[in-house]
Amino acid sequence: MTLSSTLYDRVRTVIPAIEWPVFADDIEAILDLKRQRNAVILAHNYQTPEIFHCVADIVGDSLALAHKAMTVEADIIVLAGVHFMAETAKLLNPQKTVLIPDLRAGCSLADSITAEDIRLLRQRYPGVPVVTYVNTSAEVKAESDICCTSGNAKAVVESLGVPQVIMLPDEYLAQNIAAQTEVQIISWKGHCEVHERFTPADIRQLREDHPGVTVLAHPECPPEVVAEADFSGSTAAMSDYVGRQKPPRVMLMTECSMSDNIAVEHPEVEFIRPCNLCPHMKRITLANIRTALEQNRHVVTIEPEIAGRARLAVERMLAV
Ligand code: SF4
């Protein structure tokens with residue numbers, strides 16, 4: 001059995017055989033380049049299955065990638081995800097070369113707020129701590145007291161022991177966490193362009209079309225969507241839920257590749273897939289991962305003074 005056919009076995013339920021030859025050459029080249037250059041690939045749960053299952057060394061949600069980035073010993077980290085994730089890896093393991101295969105892989109949440117916005121918020125709400133979602137630039141993290149992800153946001157907010165926090169930039173995540181805690185939350189107007197598009201009417205229609213379906217919603221979805229779902233949690237929590245509960249039919253209100261990646265591990269579960277694509281995540285391809293390793297691009301750099309302050313906010317989160 002060739003390497004290519006062994007790898008194809010992992011993804012045959014989600015990648016048609018006719019498409020595989022398009023990927024096989026890049027996959028073999030990337031595996032070689034990783035060995036030659038002593039590199040590892042960290043891939044977010046929203047990466048396509050040929051990246052997630054065939055070339056990635058470490059996979060997970062933002063929180064898991066941040067934790068694991070700290071312990072990477074290889075010389076090079078290629079971040080198959082979006083720019084803020086590559087910056088977080090660089091913050092946590094500054095000696096390593098961190099590459100992002102496409103500099104345009106951004107995020108509507110990260111783009112919704114600037115460091116200056118936070119300075120103005122601090123003037124308006126003196127003494128109120130700022131909790132910043134990791135989906136932000138290093139400059140924004142540097143102005144923050146502590147970071148959070150969708151997986152630990154409630155724990156982070158409550159860890160501060162204060163009656164009120166500013167939580168930004170995701171308005172819906174802030175509202176969804178506010179519904180679970182006594183802490184009063186001041187939010188910002190940022191939205192994820194993927195999750196904001198789901199509606200309660202989508203869920204009702206799905207339940208009608210697919211009786212018995214279990215609906216899982218990411219907390220970046222609007223609160224009224226989360227309220228109609230059977231469970232809400234980060235991508236890691238959704239993955240755990242499917243593994244633990246093994247619902248016969250499930251629908252993930254999140255980015256499309258998430259269902260494909262989990263479906264590979266749970267062939268017994270039927271995934272209903274009216275999902276939304278993240279155009280930023282989809283900028284990362286096998287071809288540009290290969291080029292990143294061949295040409296050492298694009299190297300992620302962060303101005304040292306900003307990096308120092310941003311690192312503190314991320315490290316405080318990891319300590320919670
Ligand atoms: S899915 Fe939403 S939060 Fe995640 S990178 Fe895309 S735009 Fe940003």
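In the UniProt record, an unreviewed entry, the feature "binding site" is placed at Cys107, Cys192 and Cys278; such annotations may be inferred rather than shown by experiment. These residues span 172 residues in sequence, yet no two of their C-alpha atoms are more than 9.2 Å apart, so they gather at one spot. Cys107, Cys192 and Cys278 are also part of the lining of the largest cavity. A cavity is a set of points on a 1 Å grid over the protein atoms alone where a 1.4 Å probe fits but cannot get out, and lining residues have an atom within 4 Å of a point.

The model is predicted: local features need pLDDT of at least 70, side-chain atom pairs count only at pLDDT 80 or more, and totals for chains, interfaces and linings use all residues. Residues are numbered from 1 along each chain, and side-chain values use heavy atoms, without hydrogens and water.

Cys192 is buried, with a relative accessible area of 9%, where buried means under 20% (1.4 Å probe, protein chains only). Not counting residues up to four places away in sequence, Cys192 touches Ser108, Leu109 and Glu220; contact means heavy atoms within 4.5 Å. Cys278 counts as buried at 10% relative accessibility. With neighbours within four places in sequence left aside, Cys278 is in contact with Val194 and Glu255.

The ligand takes up the space of the largest cavity, a molecule being placed in a cavity if more than half of its atoms lie within 2 Å of its grid points. Residues around the ligand (a heavy atom within 4 Å) include Tyr46, Asn135, Glu193 and His280, as well as Cys107, Cys192 and Cys278.

Note on methods:
1 Å grid on protein atoms, 1.4 Å probe; cavity = no way out; pocket = protein on both sides within 12 Å on 5 of 7 lines; lining within 4 Å. Buried < 20%, exposed > 50% of the residue type's maximum accessible area, 1.4 Å probe, protein only.
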